[in-house]
Structures are given as structure tokens and as C-alpha cells.
Amino acid sequence: MSDAQKKEKSFQSGHKIIGKPLARHDAWDKVFGKTVYADDYFLPGMLYGKVLRSKYPAANILSIDTSKAERLPGVKAVITAKDVPNNETVTRFGQTHSVGGFEGLYRVLAYKKVRFRGEAIALVAAETEVIAQKALKLIKVDYKPLPGVFDPIEAKKPGAYKVGESESNIICSYKVRKDDVEKGFALSDVIVENTYRVPAQDHAYIEPESGVAWIDDDGVITIRASTQVIEHFREVAEVLGLPHNKVRVIGTMIGGGFGGKEDITVETYLALLTWKAKKPVKLTYTREESILAHGKRHPYIMKYRTGATNDGKLMALEAELISDAGGYVYLSPWVLLYSTVGATGPYDIPYVKVDSYTVLTNNTFSSAMRGFGVPQVCFAYESQMDELALRLNLSPLEVRKKNYLRKGKALATGRVLDHYVAFPETAEKALAALGEQSKPKSPAEKIGRGIASGMTSYGRMVFLHDTSRSYVSLDMDGSVTVRCGVQDLGGGQSSSLAQIAAEVLGVPMKDIKVYIADTALTPLAGTTTATRQLYMSGNATLKAAKEIKKNLLNKAADILEVRPESLDLQDKKVVVKEALDQTIPLTDVIAACASDGIPLYNVAQFNAPFRELIDFKTGQGQVFPDFTFGTHAAEISVDVETGKIKVLKLVACLDVGKAINPLSVEGQLEGGTIQGLGYALMEDVVLKKGVTLTPSLSEYLIPTSLDVVDVDKVMLESGDGLGPFGAKGVGEPSVVSIAPAVVNAVCDALGIRIFDLPLTPEKIVKALTKS
Amino acid sequence: MNEVDYIIPRNLEEVFRAVEKKKRKIKFIAGCTNVIPYMREEAISPELLIDLSSLENLDYIREENGIIAIGALTTISKLTASEIIRNQSPIIFSAASLLGNPLTRNRATIGGNLADASPAADMVPPLLALEAFVHTKRSEGEGREIFLDKFFLGPNKTVLAEDEIITHITFSKPKDSARGIYIKLGLRNSMAISVVSIALMIEMEGKVCQKARVALGAVSPTPIRVYRLEKNLEGKEIDQKSIQECSVILKEEISPISDIRASAEYRKLATSVLFKRAIQKVLNGEKT
Amino acid sequence: MKTYLIEIKLNGEWQKAEITAKETLIEVLRNKLGATEVKNGCGKGDCGSCAVILDGKAVNSCLTLAFQANGKEITTLRGIGDEKKPHPIQKSFVQKGAIQCGFCTAGMVVSAKALLDQNPNPGRQEIKEAISGNLCRCTGYEKIIDAVQDVALESKP
């Protein structure tokens with residue numbers, strides 16, 4: 001741990017369990033190989049499901065002949081669109097699609113027209129995987145290939161190939177208007193204008209999509225799947241034409257999500273197959289199928305025009321953002337909204353104009369990925385800041401310091417930041433943590449450093465009126481049960497709840513049992529997305545546990561004849577705060593409560609601030625509950641002859657509010673930084689006319705252990721977050737600003753700017769040759 | 001459909017009896033690190049798998065009378081663990097250390113790497129630079145001794161007949177005065193298919209280059225020796241001028257393709273850079 | 001379908017399985033021998049989540065034919081340690097926070113064990129090399145390397 005890290009560690013709070021780097025309670029099961037992930041589950045008589053996917057990115061389906069497949073011995077179900085009770089659902093949001101409103105079509109199986117390569121056309125369930133695979137080959141699909149459109153700028157033009165069923169490929173668009181941006185440019189001495197491009201990124205979780213479904217004794221379709229959102233049970237029920245309570249989703253421990261398991265993946269297919277075959281069915285994607293068929297991080301084309309005065313004060317920002325939504329709408333409108341609100345970055349800019357569009361194409365559909373539209377714009381605005389710095393002869397830190405937002409200042413959307421804003425603090429500390437600049441070891445080597453600051457929301461958009469529920473109960477012997485619908489991605493989602501309950505109730509972690517992710521049996525806690533679970537379920541669990549504590553302390557106060565405020569819970573005892581040797585065993589108080597009918601269980605609901613929709617014409621209003629602020633710093637070395645980049649140092653400095661489990665927080669900072677490093681240097685889902693050229697992990701490259709360095713973590717704990725004990729969310733913020741920090745470092749080394757990711761050796765060499 | 005048989009011969013007679021008798025689509029297998037992915041994507045559909053991995057006497061690394069012999073079943077890991085390889089042919093050691101990843105190196109064999117004949121095969125450029133021979137046995141007729149540079153016909157194509165297997169590889173132990181280097185350029189630092197790779201062996205006498213052997217991977221349909229370049233180096237001092245000439249020759253002698261990893265132009269440029277670097281490093285006495 | 005009967009010594013116990021020629025070791029381990037701790041991340045040796053120890057060497061079980069394991073000893077995560085007798089590597093992984101989603105853990109522990117069996121005192125770079133065939137998407141590798149290094153340091157005389 002660096003000195004900086006040591007200094008920033010927890011302020012002394014007297015917490016026993018919160019703030020301690022405890023081993024996570026799910027970790028033991030994982031390290032002994034006991035955790036039953038989705039594909040590890042077997043049921044007697046289980047069938048194997050497979051999906052037939054479109055060969056073409058754009059085509060009409062003239063006919064589908066499944067007769068041969070159905071007759072193959074061992075095949076128990078074959079399903080196409082005509083067999084699905086409700087193959088399509090349409091979500092409508094907002095009044096007009098030209099400003100904010102959109103119409104989202106979710107189609108289970110392709111019908112008449114395919115919109116991306118890999119779109120599901122038919123489902124098969126058979127006694128073995130081999131038979132299911134053979135059955136797929138026996139399904140005859142008569143396609144009429146269509147030209148398709150693969151560039152969102154082309155797709156946006158009137159008269160472009162129609163990807164979907166509506167006239168325009170533009171799904172929706174947003175505007176932000178703060179005053180008249182031309183006035184701002186008139187006041188600017190320097191104007192920097194550039195276009196930035198970022199590619200599709202794959203989540204590349206090591207666990208491919210998977211699940212098992214069966215019909216239980218009461219006729220409930222039960223799906224046990226690796227999913228970040230168990231509440232898709234409602235959509236699945238609607239597809240099948242069943243009441244919602246006849247579909248149950250049980251979420252497994254997830255082998256990595258990052259937003260890729262946020263949309264429905266296997267659930268509907270499983271439900272249909274088990275419903276038709278009347279037997280349990282397992283469906284697990286191959287890696288190639290995962291890369292082919294699940295949503296990617298949106299590629300963006302971002303035109304930025306930034307104006308500033310000679311002393312570095314930002315005056316005007318004009319941005320046009322175009323995202324490639326791919327074949328279906330999914331979460332594109334929301335990702336676009338995050339980008340739009342985040343387009344200006346954490347800077348105070350008086351004149352702002354942002355126009356954003358998300359456009360259908362025949363590429364793989366784009367949807368949620370860690371950061372949700374913010375890493376893309378962060379790359380653009382942080383590159384712009386460094387470009388301005390160069391033009392103005394200021395250091396990257398100086399130009400940012402002149403413009404950072406502070407508590408009390410407003411975003412361009414009018415939302416006032418009402419909590420501590422850790423700028424310039426995180427930028428200064430991140431840069432300082434880089435230490436002395438390394439020296440090149442050969443003439444072909446150039447070394448550079450860069451910083452990038454990010455502002456990332458945690459918690460869902462406030463007009464969604466987000467809630468979460470958690471149930472906590474204390475048993476007669478002092479052991480605790482937590483039931484919460486939270487889905488565990490591996491980021492400590494369920495473990496944190498145990499820590500919170502343990503802290504509040506004074507019970508050791510080993511006596512806490514957490515049940516998660518069951519739509520039938522655990523109070524619904526919402527999605528594990530948007531960096532919201534610690535904030536939402538953590539607070540719900542906190543609330544529930546506090547209610548129980550209140551009842552305990554009231555009863556204990558009666559027994560001891562003292563005021564409840566003078567008591568606390570510690571180590572399974574009720575203690576007198578001022579005289580810690582005065583104690584009653586917790587079990588005694590529990591027994592007394594039980595005898596008097598005082599409840600020692602509680603289901604608590606925690607609500608995020610409920611706000612109304614923003615004004616979509618001007619983009620004014622509050623969209624997010626709060627933000628996590630942070631800065632990444634990087635030092636890299638470039639081999640100017642081959643273009644190869646070597647990472648020398650990485651720093652992640654974030655205000656995490658309060659580190660409930662410092663080991664978990666560090667894990668997020670490290671993991672997020674390396675994911676962002678991959679985005680910067682090597683990850684690119686390459687599509688050529690809608691066909692992927694990176695079908696497996698041999699072509700789609702993510703960092704290996706030999707590609708990384710240790711991340712210097714500087715955690716600030718302002719205590720000013722909305723989460724339990726003042727925590728802020730860190731899952732997504734940890735990935736947002738790392739790629740631009742690396743790019744800024746490369747540009748510092750080479751003296752030239754590169755405007756698109758990833759920074760492959762070839763791209764570097766091309767840029768150097770051009771200059 | 002897809003009835004596949006599996007045989008584990010204990011000796012070469014059993015291998016060839018199986019080949020003769022069965023008369024079906026045969027695949028010889030050993031480490032399987034390429035074969036399983038091919039079968040999985042249905043690029044090949046063999047009817048009979050003949051597993052060579054139990055054959056005796058094909059797993060060794062020996063030095064005898066100035067010849068180093070490596071049995072075809074020697075795994076890549078065994079190459080990196082071998083004193084003989086590390087000391088006598090460091091360029092093979094380098095290439096072996098950079099092939100795939102530690103897990104695949106424990107299974108992949110040197111025979112398999114050659115028989116698979118990827119244009120980017122890691123073990124081939126150093127063996128070419130060492131002027132290695134491939135030794136084979138076949139069921140019909142005599143085995144052969146094939147100069148490695150004549151072994152490859154095209155991407156994943158060799159001169160091996162259907163019933164022919166590699167038994168071992170030999171090369172002369174380099175002179176003490178010989179120096180060499182193997183450089184691989186990939187898009188990440190492990191599990192990377194070469195974008196360009198180069199193996200260089202030179203023998204100097206004072207400032208004059210007596211002998212030069214240069215081999216390249218991933219820039220042509222097969223790994224290649226660059227004879228024109230070698231001739232341009234031999235018999236004279238290596239200076240900026242000759243290195244520059246070599247760069248020009250290189251660009252003319254290679255025929256890289258553009259693929260997902262790199263464009264042909266970049267490969268041409270990188271080959272030139274790697275060559276210059278290889279020469280400098282070797283002249284400076286560096287090994288990596 | 002032509003099948004063969006093979007015997008594997010899995011984590012110290014001989015087990016029989018009926019297999020076809022093309023069946024891979026991971027398929028047999030997961031589907032027939034109950035060894036679901038061996039994970040299938042990619043099926044072609046790109047991710048290392050299927051790593052097991054075969055005759056003392058860490059290998060991808062997805063790139064090994066089941067037949068080739070006949071008569072051989074295989075060690076998986078569950079054979080390295082369990083609740084009753086956790087291996088120091090396992091304890092270290094948990095204590096150092098080296099496990100997030102846990103899906104790469106089985107393969108990582110196997111590669112780490114294979115390393116420590118060969119070299120009880122590896123440096124950080126050697127540890128990185130030993131796990132360079134195991135992908136992790138959650139941790140960025142740092143705490144995994146910390147965990148293995150801790151075990152190495154602990155065992156120093």
C-alpha cells in the first residue's frame with residue numbers, strides 16, 4: 001500500500017465489521033469448487049437446448065422447415081416464432097421519438113426479417129447436446145439476403161435501408177441546451193474540434209450465458225439462470241401468456257456480468273422449451289455464440305467542439321453523439337441518455353449544446369456494459385481537455401483545475417451537485433501517485449503520462465422511482481437471515497449485505513445467512529446494474545436491520561432500566577456504551593422479545609429519490625441520484641518503430657464515500673482499471689458488413705496476466721455518498737476514466753493525438769507516419 | 001454418422017498396420033491442441049484417430065556427435081526445461097517460451113507444431129534458421145529426411161503423405177561463435193498468434209559476417225528462409241548500408257496478408273523493424 | 001455410437017467412464033464424473049478456466065481427449081483442498097480477495113499449484129507467467145498474484 005493509500009484509509013469510525021477487509025463469505029464456496037453456477041446444475045431427465053441463429057445480418061425469412069428436425073429421434077421440442085404465444089412486446093416511452101421518446105421492440109424469435117447476424121430463429125430441445133446440434137442442422141431456413149446497413153451515420157440518413165419496421169432507423173434523440181452555444185464560442189480564444197470513435201466492446205465474462213428451466217409441481221415455470229435481472233420473470237410470463245406469478249426466476253452466482261447479462265439472454269428460450277417439452281431443459285451458450293449473440297458496448301462517433309479563453313476557462317461545448325444500436329433497441333435509449341448527461345464531463349461550462357442519436361443498424365445489437373455510455377464520452381471529453389491544454393500551453397492538470405465542478409455548482413442539465421465533488425483532489429493525488437517519470441531504455445522508446453477524470457452516476461435514473469427491498473430476521477439463537485432479491489455478480493453484492501447486517505446487529509459474519517435472487521422467495525431488490533446494489537439493497541438491509549436493533553434495544557432498555565440510546569449491540573451482546581462490561585447476552589433479549597410478541601424481523605423498502613422526467617427538449621433536470629468522482633493516471637512507454645505500447649504505471653484515485661469492504665473496493669478498482677485498459681489497447685469486436693471477424697477469444701483479445709501492472713489505488717472516503725454509512729458506488733466508476741488516461745499518456749509520449757480506440761500497434765505507427 | 005474410432009498404437013508397426021487396415025479418414029494426434037479446435041468447428045471430420053502420444057522413443061532431446069535431435073513427441077514445455085536447448089539453441093528456447101501459454105505448452109508437441117504448418121507456427125523460424133531436418137517414417141516405403149525449408153507447401157499443408165509421421169527433428173549444434181535471436185511480435189504478451197516473427201543466426205569473424213541464416217514467420221503462406229537477404233549479409237561487414245539493403249530485400253521477399261491482426265503494410269514495416277533490431281541485438285550480444 | 005470404457009484416477013480415486021472417441025476430458029469430468037468445479041469458458045484453450053493437473057502438469061482439459069486421460073491421474077480444484085483440509089493457496093485466495101465472480105478460480109488455483117510444486121519460491125513475474133494461460137475478467141489479476149506470492153513467502157524457510 002502506498003503512503004497515499006495509507007493516509008486515505010478509513011477515518012476512525014469505531015465500526016467493527018464495516019470498513020474491514022474481510023474475506024467475502026461466498027469466496028470459500030468458490031475456492032472449494034462448491035458454488036453451483038448455472039451450467040453446473042443437473043436435473044434428472046434434463047434435455048439440452050440449442051438455438052438456431054441467422055446466417056445473415058439482414059435478410060427476409062421466406063420459410064422455415066423444421067419437419068426433419070422434429071422427426072430426429074431424441075428431439076423433444078422445436079420452436080419457431082409461430083409457436084410463441086407472444087413473440088413480440090413493444091415498450092413505448094415518452095411522447096415523441098424525436099425528443100427522448102422511443103419505441104422498443106423485443107422479439108423472441110426472428111419473424112419474417114432478421115436484423116443482425118446471430119439473431120435467434122429457432123429453438124431445439126433434445127436428449128443430448130449432440131442430438132440438439134444435429135437437429136439445428138436439419139432445420140431449413142430459406143433466406144433472401146438484403147443489403148442491410150452497417151454504419152450508423154449512413155443508417156441515420158433518410159432513405160437508408162430500414163433495419164426495423166418503422167420509417168426511421170433513429171430510435172430516439174436527446175438535446176441539451178444551456179444558453180446559446182455560439183455566444184460561448186464567440187467568447188472563446190481557442191476552439192478545438194475533433195471527431196472521436198470507439199468500437200464495440202464485449203463483456204468477455206469467463207462464464208458464458210447459461211441456465212436450466214423446469215416446471216415445478218404447481219405448474220410454475222422455474223428458471224435458474226445466470227442473470228443480473230431476475231425481474232425479467234414478468235416479460236417471460238408475458239411471452240408465454242402466463243400470469244406473472246407463474247414464472248419464477250432464481251438467479252445463480254454469476255460468473256461475470258458487467259451488463260452483458262442485464263437483458264434477457266437464455267431465460268425466454270428456456271421457458272419456451274421447458275413449456276413445450278414438459279421436461280427440464282439446460283441451455284448454455286458456446287463462447288462463439290456469446291460473442292455472436294449478446295449485446296455489446298455501443299460504438300460511438302462523437303463530434304466535439306470545445307472553446308476556452310486564453311487563461312484556460314471553458315466557455316463552450318458543442319457535441320454530437322451518434323451511437324450504433326445494432327439490430328434491436330434494447331437499452332440504447334438509456335445508454336444514450338447517460339452519454340448525453342455526461343457529455344460535458346465534470347466541468348463547469350457556461351454555454352452547452354449537445355445533440356445525441358442512437359441508430360439501428362444490422363450489426364450485433366448494443367446494450368448495457370459497465371459504464372453505460374459514460375466511458376465513451378469520457379474518452380472524448382478528456383481527450384479534448386488535453387488538446388486544449390496543448391493549445392493553451394497549460395498542463396493537463398492546470399486546465400482541468402480551472403474548470404472542475406464543485407459542490408453547489410450545476411451540470412449543463414441544470415442539476416446542482418449537492419454532495420462533495422472530489423476534484424481537483426483525485427486528479428492531484430492520481431498524478432502525484434505516478435511518482436518520478438521513468439526513463440526510456442532505448443532510442444525507440446518514448447514515455448508519456450496522462451490523467452483523465454470521470455464523473456459516473458451510481459443508482460438508477462431518478463424518474464424510474466427505484467426501490468429495493470430486503471428482509472432481515474434474527475433467530476432465537478442470535479443467528480441472522482437476510483433475504484434479498486439482489487443478484488450477485490461477484491462484486492460482493494450479497495456479502496456486503498451480510499456485513500451490513502453483522503455491523504448493525506453486532507453478530508459475527510459467520511452467523512449471517514444470505515438468501516438471494518429468487519423472485520418467489522426473496523423481496524425484490526431490483527437489478528444488479530447501474531452500480532446501484534450497495535446503495536439500494538445495502539440501504540434496504542440497513543433499514544431492516546436497524547428496525548430490529550431498535551426493538552432489541554428498547555426491550556433491553558426496559559430490562560436494564562436505562563435509556564435505549566445508551567445501549568449498543570456487540571459480539572452477540574447488548575452492551576452499555578459508557579460501561580462496556582455491563583452486558584446482557586443477545587439471546588436473553590431475543591427471548592424476552594419473543595415472549596412479548598415483539599417482531600425481530602423486518603422487510604424494509606428503500607427508495608431512491610423520486611423525481612420526474614427531465615425536459616427532453618432542453619435536457620434540463622435531474623437524471624441521477626448521485627455521482628462518483630475519480631481520476632485515473634497512467635504512464636506508458638511506446639515503441640515508436642513497432643507501435644507497441646507497454647504499460648508502466650496505473651493509478652486509480654476515486655472518492656468511494658465509504659469502503660464497506662476495502663478488499664472488495666480495491667478489487668473493483670483493479671478489475672475496472674484493467675477492463676478499461678483492454679478497451680484502450682486491444683479490445684475490438686470487429687464487424688465487417690455485420691459479420692464478426694473476432695468470433696472467439698483468440699481473435700477478441702482481453703488482457704492476460706502478462707499485459708498488466710499493479711494498480712496503485714488511492715481511495716478517498718469523503719463519507720458523502722448516499723449509500724449505507726456514506727458509501728458511493730464504485731463498480732462502474734472504476735472503468736470510466738482509464739482508457740482516456742492511457743490515451744492521453746500515449747499522446748503525451750508521441751506528441752500526436754489518436755482519435756479512436758483501441759490503440760493497436762498498427763494504429764500508432766500509422767499515426768506517426770502521417771504526422 | 002460420425003462414428004469415430006480411436007487407436008493408441010504402442011509402436012510404429014501398430015501405427016502402420018492401423019493405417020493400412022482401416023483405409024479411412026485418418027488423423028494422427030498427439031497433444032491435440034490444434035486438432036480439438038478443428039474438430040469442434042468441424043473443419044475436419046476424421047473417422048479414425050491414431051493417438052501417437054504413447055509411442056516410445058519419440059520423446060527425447062539428445063546431443064550426439066554435434067547433432068541435436070528432438071523427438072517429435074517432445075512437448076514445448078520440455079523444450080523450455082531442457083539444458084541442451086537453453087544452452088545450445090537459445091533461439092528454440094525463446095520460441096518455445098513464447099508459444100501459446102503455459103497450459104498449452106504442456107501438451108503441444110514440436111512434431112505437432114510442424115505438422116500443423118501454420119504460417120505463424122512459432123517453432124518453425126528458429127528451426128529453419130538452424131537448417132533443421134525433419135525425419136519421417138511411413139507405412140509404404142522408406143521414411144524420409146526432409147530439409148525443413150522443403151517441408152511446407154502452404155498454409156496448413158506439408159509434404160507429408162497420408163500415412164507418414166514425423167519421428168524426430170535434427171540440426172547441427174551451432175558453433176560456439178554463432179549468435180542468434182528470436183523475436184516475436186504479437187498483440188498481447190501471452191496467448192498471442194504472431195503478427196511477425198523472426199529468427200536469426202549469424203557467425204561473425206571479427207567484423208565480417210561469415211554465415212547468416214534468417215527465417216520469418218507469419219509474413220508468407222509458410223514460414224520462410226530469406227536466402228537473398230542472407231547472401232547480402234555474408235562475406236562482408238554488417239553496417240548501416242547492408243542493413244538498409246536488407247530491409248529492401250525483405251519487403252520484396254515476403255508476401256504477408258491483411259487479416260484481423262494486422263494489415264500487409266504493417267507486417268512489411270514490422271518485419272523490417274524486427275530484422276534491424278534482431279541484427280543490432282545479436283551484434284551487441286543480446287539474446288532476447 | 002462407438003464407445004470406450006476408460007478409467008481415470010480423479011483426485012485420488014479411480015473412476016470409470018464410458019466415452020466416445022472425440023469426447024474431451026472436460027466433458028467427461030463435468031457431465032459424467034461430477035467434477036463441475038472444472039469450468040468451460042471457451043472450449044478451445046483460450047481461457048484456461050478448464051485447467052486440471054494431468055500427470056503432474058497443468059493442462060487445458062478442453063484440449064485433452066478423454067481417452068488420453070485413461071489410466072492417468074487428474075487433480076482438480078476439489079482435489080487440491082477442501083473445507084476439512086484447505087490448501088494454503090485456497091486460504092490465501094480467500095484472504096487476499098483474489099476471488100470475485102470465482103469462475104476463473106478453479107483454473108487459477110490449478111495453475112498456481114502446478115507452479116508451486118515445481119518452484120516453491122517464485123517471484124512475481126514468474127507467477128504472472130504461470131497464470132498467463134488463465135484469463136480473469138473481474139480482478140485484473142493483481143490479488144491473484146498477491147495470493148500466490150503470499151503462499152510462496154509463507155513457505156520460505
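This report covers sheets, helix packing, chain contacts and backbone geometry in a predicted model.

## Sheets of chain A

Four strands of chain A build an open sheet in the order S18-S26-S27-S30, and the pairing is mixed. S18 (445-458) and S30 (711-716) are the edge strands, each pairing on one side only. From one strand to the next, the twist averages 15°. S18(A) and S26(A), residues 626-639, run antiparallel and are joined by 14 bridges. In this pair, A:Lys446 stands opposite A:Val638 of S26(A).

Another open sheet of chain A has 3 strands, ordered S6-S2-S8, with antiparallel pairing. S6 (113-114) and S8 (140-145) stand at its edges with a single partner strand each, so one side of each lacks a neighbour in the sheet. S2(A), residues 59-65, pairs with S6(A) in the antiparallel sense over 2 bridges. Here A:Asn60 faces A:Lys113 of S6(A) as its opposite residue.

## A hairpin in chain B

Strands S4 (residues 61-64) and S5 (residues 67-71) of chain B run antiparallel, with 4 bridges between them. B:Glu63 is set opposite B:Ile68 of S5(B). The hairpin has 2 residues between its strands, and B:Asn65 takes a positive phi near 55°.

## Helix packing

Two packed helices are described by the angle between their axes and the distance between the axes. In chain A, H7 (residues 233-240) packs with H8 (residues 267-277) at an angle of about 45°, the axes lying 10 Å apart. That angle makes H7(A) oblique to H8(A). The crossing of the two is right-handed. From H7(A), the residues A:Val236, A:Val239 and A:Leu240 meet A:Glu267, A:Thr268, A:Ala271 and A:Trp275 of H8(A). By class, this contact holds 5 nonpolar, 1 polar and 1 charged residues.

H10(B), residues 240-253, and H11(B), residues 264-283, pack at about 145°, with axes 9 Å apart. Their crossing is right-handed. H10(B) contributes B:Ile243, B:Cys246, B:Ser247, B:Leu250 and B:Lys251. H11(B) contributes B:Lys268, B:Thr271, B:Ser272, B:Phe275, B:Lys276 and B:Ile279. The residues of this contact divide into 5 nonpolar, 3 polar and 3 charged.

## A covered helix

H10 of chain A spans residues 332-342 and is mostly covered, with 11 of its 11 residues buried. Among the buried residues are A:Trp334, A:Leu336, A:Leu337 and A:Tyr338. The buried set also includes A:Ser332, A:Ser339 and A:Thr340. A:Gly342 is buried too.

## Contacts between chains

The contact listed for chains A and C takes 43 residues from chain A and 40 residues from chain C. On the side of chain A, the elements giving two or more residues are helix H2 (25-31) and helix H17 (662-681). H17(A) gives the most, with 8 residues. By class, this side of chain A has 20 nonpolar, 15 polar and 8 charged residues.

Chains A and B also touch. Their contact takes 16 residues from chain A and 14 residues from chain B. On the side of chain A, 7 are nonpolar, 5 polar and 4 charged.

## Backbone exceptions

Most residues other than glycine have a negative phi, and most peptide bonds are trans. The following sites depart from these patterns. The bond from A:Phe423 to A:Pro424 is cis, with omega near 0°. A:Pro424 sits in the loop between helix H12 (396-401) and helix H13 (425-433) of chain A. The bond from A:Leu757 to A:Pro758 is cis as well, with omega near -10°. A:Pro758 belongs to the loop between helix H19 (738-750) and helix H20 (761-770) of chain A.

A:Asp179 has a positive phi, near 60°. Its loop runs between strand S9 (170-178) and helix H6 (181-186) of chain A. A:Asp179 is partly exposed, because 14 other C-beta atoms lie within 10 Å. B:Ala117 is not a glycine, yet its phi is positive, at about 55°. B:Ala117 lies in the loop between helix H7 (110-116) and helix H8 (124-129) of chain B. B:Ala117 is buried, because 21 other C-beta atoms lie within 10 Å and the cut-off for burial is 20 or more.

How values were computed. Residues are numbered from 1 along each chain as its sequence is written. Chains are lettered from A and ligands numbered from 1 in the order in which they are written. This is a predicted model: local features need pLDDT of at least 70, side-chain atom pairs count only at pLDDT 80 or more; totals for chains, interfaces and linings use all residues. Two strands pair if DSSP finds at least two bridges between them. A residue is buried if 20 or more other C-beta atoms lie within 10 Å of its own, exposed if 12 or fewer, and partly exposed in between; C-beta atoms are placed from the backbone. Two residues are in contact if their C-beta atoms, placed from the backbone, lie within 7 Å. Ala, Val, Leu, Ile, Met, Phe, Trp, Tyr, Cys and Pro count as nonpolar, Asp, Glu, Lys and Arg as charged, and the others, Gly among them, as polar. Axes are lines fitted to C-alpha atoms, for helices over the stretch in contact, and angles run from 0 to 180 degrees between N-to-C directions. Angles under 35 degrees count as roughly parallel, over 145 as roughly antiparallel, 65 to 115 as roughly perpendicular and the rest as oblique. A crossing is left-handed if the near helix is turned anticlockwise from the far one by less than a right angle, and right-handed if clockwise.
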